[in-house]
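Work through the exercises below with the structure open beside you. Try each task before you read its solution.

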Amino acid sequence: MFEIFNQTRKWQVKKTSILYVVVASLILTSFLMPSGIIKGTNAFTPIPQTVNNDGKIFDTLSSDVSSNVTNEFRDLNSSSAAVHDIAIKEQVLPDGEPAYKMIKHIVNNSMDVTGNYSDLATIPGPAIVINDGDIVHVAIQNLDGNITHEDFVAPHPGTFVYQDDELGDRGLYGVVIVNPKDGMTEALVDGKITTIPLDEIDKDVLLFMVGSTFWGMEISKNGTQTPLWTNPVPVAQENQKIRFHVMGIGPSSNPNGHSHTFHLHAHRWVDPGTSNIIDVKELHPGTSHVFVVDAGDGVGPGDWQFHCHVFAHMEAGMMSTFKVLAANTTLTENTTTLPSIPGASPYHNFATFSVNDEPGKWFKNIKGDISNTGSESLAIINKSGTVNFMMDGTNGVHTITSIIYPKNATHMPFNQMLAYKGGAIIKLEDPGLYVFACSLHPFMLAAVVVDDPNTKGLDLGEELTLVNGATIPTNSEIALRLLRTFFIATSPSNWQDYSNTSKPWSVSYPDVDARITNGSVVNVKDVLESTYGQNLTLTPLSNPITPAVGEIWIDTQFEKTAGKDKPGTATAINGTTWNVSKKVSLPQIDMNNPHNMWTDRDQDLIYQTQWFDNRTTIFNRTTGELIKDIQVGDDPSHVMTGTKTDDLYIALNGEDGVTVISSNPEFELQKFILLQPPASPSTHPHGHWMSADDKYMVTPDEHTGTATVYDMEQDKIIGKVKTGVSPVAVGMIPDGSKSYVADFFDSTISVIDTANATLLKKINLLANYDPISGNVTGPVGFLPIQTPVSPDGQYMVTANTGGTITILDTDTDQIIKDMPCDPGCHGVNFGAKKGGGYYAYVFSIFQMRL
Amino acid sequence: MYDYKLPKLEYVITTLALGLIIANFLPSYNVVSVFAQSSQKIEQGDHSKSHEIQIGVVELNNDRIAYKMNNYLVRDLVDNSTTNITSKYDNRILIPGPTIVANEGDEVKITLINEMGWGYPSVHTHGAHYKITSDGTLKELNKVSDQAASPTQPYTFEWDAGNGTAGSWPFHDHTIGKNVLGKSMDGLETVGLFSSIIINPSDGKLSALVDGAPTQVDVKDIDKDFVLFVNDDVFWGSEIDYAKGGKHTQLGVNPTLTAANNSIVRFNIQSIGNEFHDFTMDNVQWLEPGTNTVVNSHVIGPLANHVFTIKVDSNATYFDNSKINLLGGMKGSFVVSDGIDNQSFFPQGDTNSI
């Protein structure tokens, strides 16, 4: 039997702990209320979800147009209730995004108002403007040509989001604006709440908060709709009355929702339904917020910023300005209002990436594979083009981080202070190669070539700056190596296939000319093939002669199985026969990217993190049966148990600490260890390690470039050690005295004196590598990841993404050997060998080879 | 025009039940009127004031940055008399920054002094009126000027608490994207540069929940203002005690809030950072701002505010209703004292070790 975690489970804080301070202070005595008992706690902040997954688009309005509602809507048959016949069509825009286009809008079988709408398919879709009580019949022509029909009645005045269930985060959304019959609306004018006629509204501005981008549209006084696209600049004159409709779109696909806060500088408005004056409003998915501002009231003209106030969204570009001109601005021609200024549009020099949990396609250009390499993570735009990212296919939190960009490029580097749910939008001005990654999941890659059409070949740029600050020429070996890594990582068809080693391994590269250092033009495929070879023979797999003890468990994170959407299985190998003996995929919980595991004291259970999600799962090691699925926090990466308590310590890669779950059989969340003081920059720890005596825990803090040494006995942080860029995993000498941290982007190992939290040494794994020529004169480790120390304390083994295994002698802290591995070499751990000694098991995530 | 809903029946029942419980718990001596002490509460005279403030920006430990009150002069705009109220502020814990209390009709001038020797911090306020030159943003955005304090050049921001600006508003740094002097730190607003301005309405009236019923109270009746910033992992608190002449006390992280029984207190809930939180109190209810709806929780997102005034009648716990954040300690106590000597609990730890 298994028990799915119950969200409504009661959770109690001990009364004594809450009141401790109070009692100790001797101020309170006689009338303590039995307070401090907190009931009905949610695992996460509940985000209201408005849009239903019912297959309908107009599901925020009443769909009941049948006769039995006529009593409720008494005006139905009277002349004041209009009937609208509407046809809209889904269409794919040049960047690959779907959008709605208005085909026809006829009112009362007679008045054709189709001319009010844009003649393009637009994001957002057409705003259907009707009156309270009106009846609407809509025909929707889907992308596949099928036509569906929906009917609705405007239930009451307001602005209602319509949204496709499947593609509604990406472009298939819009609003129905239902105006009140009395033609009046609330407004804050001269600082006072008042009611004004709708015909005093100078324009309607629609802003949809999507990912980390505003998508806009305006409706002029005469009803004409103009798409304003991304992060537009609405324009008004001082004291004009502008009705803003701000909508939260999402992504709503995230299981815990995804909300925004809208803020417009220097303006205030009435929170509808209240007399509260506000200037920030929470927008949950599928909700709208409508208000009228008196442009520039009390503040005068200016370029007034509006933005999402979720800080990471702001950093990711979710902002623009509201341009308020002086009241006496001369208007050209016969216009009564000034047109707003549209932002970048998907019709011109625009690329869109969907961020998702799919192996290899983590950043998916929604136009698909444009290079004929199997990689869907490449986009090509011209200079001053726009790239938009949308986290609509992932349950995790991420960053959009520029890890490679042309030296001195405008708006670079691009990064956020912490991982989040949302998206990003960025204008790339200068030609050259840009690579974006998630800083928590650094194999998630998107490459954008920004081309100057006036030069021959695709521009990769003269020199590139890397995330750690290093600058390299594009004709260097390291640049080529990175390019090759990109085409392997992002194209599963380029991964080595050991299930059939008789077939040679070939990597598809783009057959395209590129312009590199000194303006020389080379064919990318020719250069990569001549440097790294092609059709390489894969060494057939073979088994070790000496058996292992017990089972070897591996997170086959990218393995896809039937019956679930998300990738990943846990695989067991029988250490005697060396055969795969078990596969656990847990379709009932849609196990998502299982990344790291541990076992209980009795080795009955497996504790499994879901790195692209917020859950850690417990299953029976023998039967694979699910025991519990626990929401622990964003992006749980690694898990270990305390040797004394058998409690689970789970590093939350998407948060700022390590959460502790009590041991078998309770498995209750019991503690959260914050690895930073409040308001300090976010740590985002990944692969922690704990000493065998339960004295020390060392976390690699990916975002702050530190390792935190935590005293488990005294529950306090001993200190923080500055490591290289992006520390991902920690290894430790069995007695806990010395810790090793793999610094991913710097390709270094930081050696730490654990007890004193001081840096002893930094080992450069690229010391024997010439990044320009590619000459190798000794062991090399490119982009190191897991780095455990053997149980006898003698050796540390490091898996390097670049395709090598580094072995270090812990007595001298010198590298003594390197061994070949596959690209995507990632996980390492030790297991007992029959008859004594240990094996180190090294796993390559792309090829699923151990 | 405003649709004041009646309290839902369930709330009424809860309130009644609570009242009964409280009545049973209260010793008889507890029925003490605190209104007798109200001689030094919020001043709301006929004269508008100019608030002439000097705020420093200082670096704390652990990469945190804070606003620090250097000097605060209140000038009467009619008779030009001045009062220096700097000593009412508390510099022990600098997050959140100093709260400014003004009346609708007042002016505020803040001169920001960068005492860090690096960086380019600013002040951007919510709620108040200001010209584009006091936006606290950079020229690439506002098209006018870089409005921030360099290590050598202070910047003065001028705000006007004009009509319709009454409320409790956050102010914070807004120079995102500018890394100067080689120190790469964006987003100073997320590492401590945030505070509040409370603008009291010119009519002197506030909605409050008193003895379970929506009631108008006078601004002058407020005994304490609590400022609670909901941050990603903690609450940061400060208070202004009008029974002590408007003394500001910094309360630190997840503080215990204290108030005299039957006193009138205002909770100024602010939010900053990245996360949404379900701010909840057990045993205490309040009016959803601008309505007569009685609530005891509110989902709040970054930089939204949630302000309510209540008559104090029971101990409570305030918390973020999220299991993960509660485990991290995101909760605190609200403790009702006997009304004779209400005082704050100073949080454990000193200024910079928080």
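Predicted model: local features only at pLDDT ≥ 70, side-chain atom pairs only at ≥ 80, totals over all residues.

Residues are numbered from 1 along each chain as its sequence is written, and chains are lettered from A and ligands numbered from 1 in the order in which they are written.

**Exercise 1.** Describe the make-up of chain A and decide how compact chain A is.

Solution. Begin with the secondary structure: chain A holds four helices and 60 strands, where helices (H or I, at least four residues) and strands (E, at least two) are DSSP runs numbered from the N terminus. Next, take the radius of gyration over C-alpha atoms and compare it with the globule rule, 2.2 Å times the number of residues to the power 0.38. The radius of gyration of chain A is 29 Å, close to the 29 Å that the rule gives for 850 residues, so chain A is as compact as a globular protein of that length. Finally, 56% of the 850 residues of chain A count as buried, meaning that 20 or more other C-beta atoms, placed from the backbone, lie within 10 Å of the residue's own.

**Exercise 2.** Check the length of helix 3 of chain A and find its surroundings.

Solution. The expected span of a helix is 1.5 Å times one less than its number of residues. For the 13 residues of helix 3 (residues 477-489) of chain A this gives 18 Å, which agrees with the 18 Å between its end C-alpha atoms. Ten of these 13 residues are buried, so helix 3 of chain A is largely enclosed by the rest of the structure; among the buried ones are Leu482(A), Phe486(A) and Ile488(A). The buried residues of helix 3 pack against several elements of chain A, including strand 28 (401-406), strand 31 (445-451) and helix 4 (524-532).

**Exercise 3.** Which strand of chain B gives the largest share of the side of domain 1 that touches domain 2?

Solution. An automatic or database domain assignment divides chain B into domain 1 (9-16 + 36-41 + 204-353) and domain 2 (49-200). Counting two residues as in contact if their C-beta atoms, placed from the backbone, lie within 7 Å, 23 residues of domain 1 of chain B touch 24 residues of domain 2 of chain B. The largest share of that side of domain 1, five residues, comes from strand 14 of chain B.

Methods
Buried ≥ 20, exposed ≤ 12 C-beta atoms within 10 Å, placed from the backbone.
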